Amino acid sequence: MARITPKENFLRLAGGGHPEYVPYFTFMGNEPIPEVSSKSAGPQIFVQPPPNEDGSFTNVWGVTNYPNQETAGSAMPEPDVFILDDITKWADVLKKPAIRDDLDFEAMAKADFERIEINRDETALRTGLFFGPWMFLVSLMGFEGAMVSMAEDPETVKELFDWVTNMYEPYYTKVLDAYKPDIWSIGDDTCTERAPFFSVAMYRDIFKPFYTRFAKQAMERGIPVIFHICGFVEPFIPEMIDFGVKYIEPAQETNDIMSLKDQYKGQMSYLGAYDWGKHVPRNYPNYDEEEVRQDVRAAIDKYSPGGAFGTLIWPVSYVGDPKIDDLKKLVWNEAYEYGKKVYGYTD
């Protein structure tokens, strides 16, 4: 069989397709495996304030984020400090961020490609202008404030989302023209592990119109959309299919992925199906390598039949864990090596 590139194989997966082998979705793009299915790059439109000495930073909306032990060093909004406590006052609190004065999209694309060291013939490029309206609102008001505001004053919430979307929307054409991505990236974490934060009706009324605007130009160009969404996403999948989503990541095991593959066959693919919290090796930080390998193989055996599936495994631990890097390499390479075999592909 003639060799298929990682890029082509990953793009065949779009919308429930059947690749030649199970791809490993290179979430960060720098996982140390022999092939890189996709990498992500995109421009920074607004002027981002510099980080503080402790690693915290204040984003363009005025929300301070702190890295912390519980999130393995990832930055999160400062707990219990909200810059907006009344949704009707958003226009008084939020100001339009400063726009960079060097917005040469062609130059930014070239610099980004050099920075991430992407071979466009071998690796698919994911690009987007990331704005998740739900998590944006939560960062301003907290979960309770956001949900109360949507219940009591949904029209004002939509006015806020429209204001931000109007800032981003004029740049979509420029980004698509300059970066020429293979996949368009959007996302929003609207679900907990057990259920969405709100109803399908509220999703359809408040959020779907904006996701549709984010995806519209990519859809018109025939570019598949990948959507980052954690948790129990099942109720939202029909809505997501409507605005061009072809891949969901990370498709967590709280969802009935086998049922979803059958119900939306030929429409959606699922990247993940391996929630690290359910697979931490027993006795960790001590572990048996063969047990770990077999656990990865079992997940691939379960979810790979019929296609529409790619692996995504991201072990997390406390900051400074001396074992986690070796464990990451183990599961990533096992997922890649075993995924190459399950459909009988040879090159």
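Predicted model: local features only at pLDDT ≥ 70, side-chain atom pairs only at ≥ 80, totals over all residues.
Let me start with helix α4, residues 133-152, and helix α5, residues 154-179, whose axes come within 10 Å and cross at roughly 160°; the axes here are lines fitted to C-alpha atoms, for helices over the stretch in contact, and the angles run from 0 to 180 degrees between N-to-C directions. That crossing makes α4 roughly antiparallel to α5, on a scale where angles under 35 degrees count as roughly parallel, over 145 as roughly antiparallel, 65 to 115 as roughly perpendicular and the rest as oblique. The crossing of α4 past α5 is left-handed, a label used when the near helix is turned anticlockwise from the far one by less than a right angle.

Residues are numbered from 1 along each chain as its sequence is written, and side-chain values use heavy atoms, with hydrogens and water left out. Helices (H or I, at least four residues) and strands (E, at least two) are DSSP runs, numbered from the N terminus.

On the α4 side, the contact with α5 is made by P133, F136, L137, L140, S149, M150, A151 and E152, and on the α5 side by P154, V157, L160, F161 and V164, where contact means heavy atoms within 4.5 Å. By class, that contact has 11 nonpolar, 1 polar and 1 charged residues; Ala, Val, Leu, Ile, Met, Phe, Trp, Tyr, Cys and Pro count as nonpolar, Asp, Glu, Lys and Arg as charged, and the others, Gly among them, as polar.

Helix α5 also meets helix α6, residues 200-220, their axes coming within 9 Å and crossing at roughly 5°, and these two helices are therefore roughly parallel to each other. The residues that meet include P154, V157 and F161 in α5 and F207, F210 and F214 in α6, and by class the contact of α5 with α6 has 10 nonpolar, 4 polar and 5 charged residues.

D177 lies in helix α5 and R221 in the loop between α6 and β7, 44 residues apart in the chain. By this rule the count comes to 23 salt bridges.

Turning to the sheets, 7 strands form an open sheet with parallel pairing, in the order β1-β5-β6-β7-β8-β9-β10, and two strands are taken to pair if DSSP finds at least two bridges between them. At the edges stand β1 (38-40) and β10 (309-311), each with a single partner strand, so one side of each is left without a neighbour in the sheet. The twist averages 25° from one strand to the next. Strand β9, residues 269-272, is joined to β10 by 3 bridges, and L271 has G310 as its bridge partner in β10.

A second open sheet has 3 strands, in the order β2-β3-β4, with antiparallel pairing.

Finally, some backbone details. A cis peptide bond joins E249 and P250, with omega about -10°, and P250 is found in strand β8. Another cis peptide bond joins Y284 and P285, with omega about 20°; P285 sits in the loop between β9 and α9.

Methods
Salt bridge = Lys/Arg side-chain N within 4 Å of Asp/Glu carboxyl O.
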